[in-house]
Amino acid sequence: MSFRNRLLVTSLVTLALGLGALLLVGNVLLDVRVHHETSTELRTRAEGLLATLVVDGSRVSVREGANDEVLDRRAWVLEGSRVVERPENVSSKLDATAVRLGRAAQAGEHDGPGDVSLRVEPVRGRDGRVVGAVVVGISTEPLEDLQQVVLLGSLVLALLVLLAGGLALRRAIDRALEPVARMTAEAEDWGAHDLDRRFGMGPPRDELTGLAATLDGLLARIAASRRHEQRFAAEVAHELRTPVAGIRGRAELAIDDDEDARTEALTSIVSQSERLTGAIDTLLAVARRELDPSASAVDMVSLAREIPDVELVVDGTPPLAEGEPDIIRRALAPLLDNAHRHASSRVTLELSSSAGTVQLAIRDDGPGMSPALGESAFDPGTRGTSPGSAGLGLPLSRRLIHSCGGTITLGPGPGGHFILTLPAVHGPTPE
């Protein structure tokens, strides 16, 4: 059963239960009211009949009055066990029941034969002794017929209300779920063809706009992930193309070369293979880091001291930084290669920490990067790497640092200036 039908059935069951409870309570109240009216009528007729009696010692007689015809209708007067007065045109069974109850002279109401209710009131003498009784009866048939008509009418009305409520609920549910169905179809279509589309319903105000905002966020994350993977694929293609082309070119040249040239070509092929292996290992390290970003910390001071031919300046005692040492080394390789290629005389590493981060600045005293280049320096294909470098390039260098939660940015001149920033690990600082 679909969600729409489950919601409709649940609503109809709830409505039916509510109508059933209302119907039950209404008819119970009606029944109570009918019994109350019957009791009141019987009590009134019994008191009226008692008012017409003349009690003389143990003798009971009936005084004739203006309303005798009404009072005599289903009314019995007994003196002890003797019936003083009884109504005409009543069934023998009803008459026998009324006489039996009157001789018992116990006050109260009783159900008589058929649809007649009886009430007994004792007759007392002046000394308070019971000398007789009066019995009055009333037919409950009109009231019972009224109850049945009300019950039947309320059932029909409840069915009509249930039918109308079902139609109204179905229409309301259809209108309420129509935007959800449309959003689902649009989101599915956008996910397959156009991840940049959004519902754009503004801040969440109700369940529908909250769903739209959630789907907008989900689409945005999917689109970002897709762009991320496309960029990663472009970077991988760019970084692997150069060593693969070099290996193929050297192998083709070595086919017709002499022994010395072939040896040189094979040496170059080995070098390019090592370069290619390093790039692949780095990509695998990035993939592992993105699958499990928890992990490790790196002592940037010790790592910086491993780098040859640089001048190291350490400001204070920087804490451990997040990341894996091997990934940080591979990320630094193209930055250092770039600095050494363009430096006039020296390359400087400046290590510091601030605001929960560890910063490593790579400076050289060369001409620096063109300001017009800006962030495009990190786009694949913008800058090449020199022979013997790690072959990762600035784009993958930034990606490696991003996988560790850090950033690489261009710093101000003079000279070349890159700033590598990593989150600091909260814990003891290195010795």
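Biologist: Is Ala 355 buried or exposed?
Modeller: This is a predicted model, in which local features need pLDDT of at least 70, side-chain atom pairs count only at pLDDT 80 or more, and totals for chains, interfaces and linings use all residues. Residues are numbered from 1 along each chain as its sequence is written, and side-chain values use heavy atoms, with hydrogens and water left out. Buried means under 20% relative accessible area, exposed over 50%, and partly exposed in between (1.4 Å probe, protein chains only). Ala 355 has a relative accessible area of 81%, so it is exposed.

Biologist: What is the phi of Ala 355?
Modeller: Ala 355 is found in the loop between strand 11 and strand 12. Helices (H or I, at least four residues) and strands (E, at least two) are DSSP runs, numbered from the N terminus. Ala 355 is not a glycine, yet its phi is positive, about 50°.

Biologist: Which residue other than glycine has a positive phi near 60°?
Modeller: Look in the loop between strand 4 (82-85) and helix 3 (92-104), where Asn 89 is found. Its relative accessibility is 79%, so Asn 89 counts as exposed. The residue with phi near 60° is Asn 89.

Biologist: Which residues does Leu 336 touch, not counting residues up to four places away in sequence?
Modeller: Leu 336 sits in helix 8. Relative accessibility is 11%, so Leu 336 counts as buried. Leu 349 is 13 residues away in sequence and 9.5 Å away in space, C-alpha to C-alpha. In contact terms (heavy atoms within 4.5 Å), Leu 336 touches Ile 307, Val 310, Leu 349 and Ile 362.

Biologist: Is helix 8 roughly parallel or antiparallel to helix 9?
Modeller: Axes are lines fitted to C-alpha atoms, for helices over the stretch in contact, and angles run from 0 to 180 degrees between N-to-C directions. Angles under 35 degrees count as roughly parallel, over 145 as roughly antiparallel, 65 to 115 as roughly perpendicular and the rest as oblique. The axes of helix 8 and helix 9 come within 8 Å and cross at roughly 150°. That makes helix 8, relative to helix 9, roughly antiparallel.

Biologist: How many residues of helix 9 are buried?
Modeller: The buried set has Leu 396, Arg 398 and Arg 399 among them. Gly 405 follows helix 9, with a positive phi near 85°. Helix 9 is mostly covered, with a buried count of 10 of its 11 residues.
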